[in-house]
Amino acid sequence: MKILFQGDSITDNYSDHSDPHFMGAGYPRYASEAIAARHPATEFEFLNYGIGGNQTSDLVSRWKTDCIDIQPDLVSILIGVNDVWHRSDTKNWLPHEKFLENYRFLLEEIKAKTKAKIMILEPFLIDVPDKAFFREDLDFKIDIVRALAREYADIYIPLDGVFAAACVTDEMTLWAQDGVHPTSNGARLIGRHYADAFDKLFFSLK
């Protein structure tokens, strides 16, 4: 069973771009370890194709080689925060229509050209003081991702809500010191939710 992790630096997290089987130090590591441990009778191939700094437009550019040609059984996507962050200095935000167009392209291609199940992970922000204003744009893009998930996803992980709940009982910096890149605790939290979501899909993937 071939599982493809796609996204930006949150997915990448010191992976090896010359060897996508190396999971790096982020949530793909913890998710893949948990999935393999929970389903020892199944042979898995885990592939990390996250690339730091990527936006939705970058995924569009590399989608054929880095998703469609791979023909995964499951593809997970965590993307969106850089579409906001890379424009935060000027607040010349990417139009919501373009974000929607980019993300819909990825999902349409999966549906049309693979048999993969789709897991969408919600972009998130932990509201540290210097990035709280990202919400001016990010919240709209989260709403777009949620709407697309209702249309395309086989399963959805609401990470913005997951981290909001986690920050009620623990300091925000326990999960992501800069508000965007998870600490090891944050990566483990995502990995656990990922593995739980995978379990719900497992029998339909076999």
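Against which elements do the buried residues of helix 3 pack?

The structure is a predicted model, in which local features need pLDDT of at least 70 and side-chain atom pairs count only at pLDDT 80 or more, whereas totals for chains, interfaces and linings use all residues. Residues are numbered from 1 along each chain as its sequence is written, and side-chain values use heavy atoms, with hydrogens and water left out.

**View 1**
Helices (H or I, at least four residues) and strands (E, at least two) are DSSP runs, numbered from the N terminus. Buried denotes under 20% relative accessible area, exposed over 50%, and partly exposed the range in between (1.4 Å probe, protein chains only). In helix 3 (residues 56-66), the buried residues are T56, L59, R62, W63 and D66. Seen down the axis of helix 3, these buried residues fall within an arc of 155°, so they line one face of the helix; the arc is that of the directions from the helix axis to the C-beta atoms. The face turned away from the buried side carries the exposed residues S61 and K64. The buried residues of helix 3 pack against strand 1, strand 3, helix 4 (81-85) and helix 5 (96-113), where contact means heavy atoms within 4.5 Å.

An open sheet is formed by five strands in the order 2-1-3-4-5, with parallel pairing. Two strands pair if DSSP finds at least two bridges between them. Strand 2 (45-48) and strand 5 (155-157) are the edge strands, each pairing on one side only. On average, neighbouring strands of this sheet are turned by 15° against each other, direction ignored. Helix 6 packs on the sheet, where it touches strand 4 (117-121) and strand 5, and its direction makes about 160° with that of strand 5. For these angles, axes are lines fitted to C-alpha atoms, for helices over the stretch in contact, and angles run from 0 to 180 degrees between N-to-C directions.

**View 1. Strand 3 and its two neighbours.**
Strand 1 (residues 2-7) and strand 3 (residues 74-78) pair in the parallel sense over five bridges. Within this pairing, Q6 stands opposite I77, and the bridge partner of L4 is V75. Strand 3 also runs parallel to strand 4, to which four bridges join it; here L74 stands opposite K117. Five of the five residues of strand 3 are buried, so the strand is largely enclosed by the rest of the structure. In a regular strand the side chains alternate between the two faces of the sheet. In strand 3, L74, S76 and L78 point one way and V75 and I77 the other way, and all are buried.

Side chains of opposite charge can pair when their charged atoms come close. A salt bridge is a side-chain nitrogen of Lys or Arg within 4 Å of a carboxyl oxygen of Asp or Glu, and the structure holds 16 salt bridges. One of them joins the side chains of E33 and R29 (3.4 Å, N to O). E33 and R29 are four residues apart in helix 2 (residues 27-38), and are therefore separated by about one helical turn. E33 is partly exposed at 43% relative accessibility, and R29 is partly exposed at 34%.

K141 forms a salt bridge with D137, with the closest N and O atoms 2.9 Å apart. Both residues lie in helix 6 (residues 135-152), four residues apart, about one turn of the helix. K141 is buried at 0% relative accessibility, and D137 is buried at 1%. Salt bridges that share partners join D127, R135, D139 and D160 into one network. Within it, the side chains of D127 and R135 meet at 3.0 Å, N to O. D127 is partly exposed, with a relative accessible area of 37%, whereas R135 is buried at 18%.

A disulfide is a covalent bond between the sulfur atoms of two cysteines. With a disulfide taken as a pair of cysteine sulfur atoms within 2.5 Å, a search of the whole structure finds zero disulfides. C67 is buried, with a relative accessible area of 0%, whereas C167 is partly exposed at 21%.
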